[in-house]
Amino acid sequence: MAGRFTPRPTRTTVRGGHVAVPGGVPRQVAAPGRVRTWVPEGPLDLGLVLGPLRRGPADPTFRAMPDGSVWRASLTPAGPGTLRVTAAGGQVRGEAWGPGAEWLLDGLPSLLGAADDPSAFAPRHRLLASAQHRRPGLRLTRTGLVLESLIPSILEQKVTTDEAYRAWRSLVRKYGEPAPGPAAGGRLFVMPAPRTWALIPSWEWHRAGVDNKRASTILRAVRVAARLEQAMAMEPAEAQARLEVVPGIGPWTSAEVVQRSHGAADAVTVGDLHLPGIVGWALAGDRDADDSVMLSLLEPYAGQRHRAARLILLSGRTPARRAPRMPRGDIGRL
């Protein structure tokens, strides 16, 4: 029955990296770019693999289209590029535009989880076994880019996701550049270059709802952007250590980054407000679990703890809410 019924996305499964990608016949676009085809080993779900890269439903760097294609705009080492990915008949087709087109197509298999090994995960809990069975197309993406995941992760520190998504959307649209290639159901934007981030005036950070602490952390990070990108040559744990040298970047942020940049299957997000309770509830019925309890429950999955946490989020099993949602703030109105 695996894959016969597509589970409907919920708030929790979306956080687990689920983007609804409709099926259908991919539409051919005008102005064809460079093309690469690739045949993955086993099932592949574009929405699950690429979902963690989307920062909110209106992310200006990401689009999931009604024809089943997924579009991404990235600032690669070779320059800005746009990538359109479709999957049909067991084959993936990537089409890219811009100076970064070749770089994006070279990295297409890694982006879609070619370096990931789902068979290394052995579920020991019925919930995880069921979640894995229902999501056979789950692979862990590897973007090969650090700053692309670091900046939005910093924006998500200590605020609601809605506030972080709004800030990312506002800043990228204002200071990024239009993505090369044809429009994808609305304009895509490439995120700003490190120097552009460094030149954003303080009042623009404020208008975007970003407090001085997060803005300062981003400014410190972009000043050493080249050194941070060199972390791609490191193992995930070493890359996290390099990221955490920057004041304002801690274990929560570094884990969120290497999960995407490196495809780190064991990078657990510690310090999260909700994740320990979700994991505790799913595996032990303990909604008050803290980080230490969460890590203890995930210990049997050492080496695959991030995958285990994602499967729990994708299962949609969460404890009932006992308090109002965290209020949304907007310092830009002050």
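This is a predicted model: local features need pLDDT of at least 70, side-chain atom pairs count only at pLDDT 80 or more; totals for chains, interfaces and linings use all residues.
The side chains of Glu148 and Ser74 are joined by a polar contact of 3.0 Å. Glu148 belongs to helix H6, which covers residues 147-155. Is Glu148 buried or exposed? Its relative accessible area is 11%, under the 20% cut-off, so Glu148 counts as buried. Beyond its neighbours within four places in sequence, Glu148 is in contact with Arg72, Ala73, Ser74 and Leu75, and also with Thr143, Trp168 and Met191.

Let me turn to the nonpolar cores. The largest one has 35 residues. Leu150 and Ile151 are among those with the most contacts inside it, as are Trp197, Trp205, Val210, Ile218 and Leu243. At least two residues of this core come from each of H6, H7 (161-175), H10 (212-223), H11 (225-229), H12 (236-243) and H13 (251-261). Leu150, setting aside residues up to four places away in sequence, touches Ala221, Leu228, Leu243, Ile249, Thr253 and Val257. A second core, separate and made of 20 residues, includes Val268, Ile278, Leu313 and Leu314.

My last topic is a pair of helices. Helix H5, residues 126-134, packs with helix H16, residues 305-315, at an angle of about 80°, and their axes lie 9 Å apart. The two helices are therefore roughly perpendicular to each other. Which residues make the contact? From H5 they are Leu127, Leu128, Ala131 and Gln132, and from H16 they are Ala308, Leu311, Ile312 and Ser315. Sorted by class, this contact of H5 with H16 comprises six nonpolar residues, two polar residues and no charged ones.

Technical notes:
Residues are numbered from 1 along each chain as its sequence is written. Side-chain values use heavy atoms; hydrogens and water are left out. Helices (H or I, at least four residues) and strands (E, at least two) are DSSP runs, numbered from the N terminus. Buried means under 20% relative accessible area, exposed over 50%, partly exposed in between (1.4 Å probe, protein chains only). A polar contact is a pair of N or O atoms within 3.5 Å; within protein, one must be able to donate a hydrogen and the other to accept it, and residues adjacent in sequence count only if both atoms are side-chain atoms. Contact means heavy atoms within 4.5 Å. A nonpolar core is a set of buried Ala, Val, Leu, Ile, Met, Phe, Trp, Tyr and Cys residues joined through side-chain atoms within 4.5 Å. Axes are lines fitted to C-alpha atoms, for helices over the stretch in contact, and angles run from 0 to 180 degrees between N-to-C directions. Angles under 35 degrees count as roughly parallel, over 145 as roughly antiparallel, 65 to 115 as roughly perpendicular and the rest as oblique. Ala, Val, Leu, Ile, Met, Phe, Trp, Tyr, Cys and Pro count as nonpolar, Asp, Glu, Lys and Arg as charged, and the others, Gly among them, as polar.
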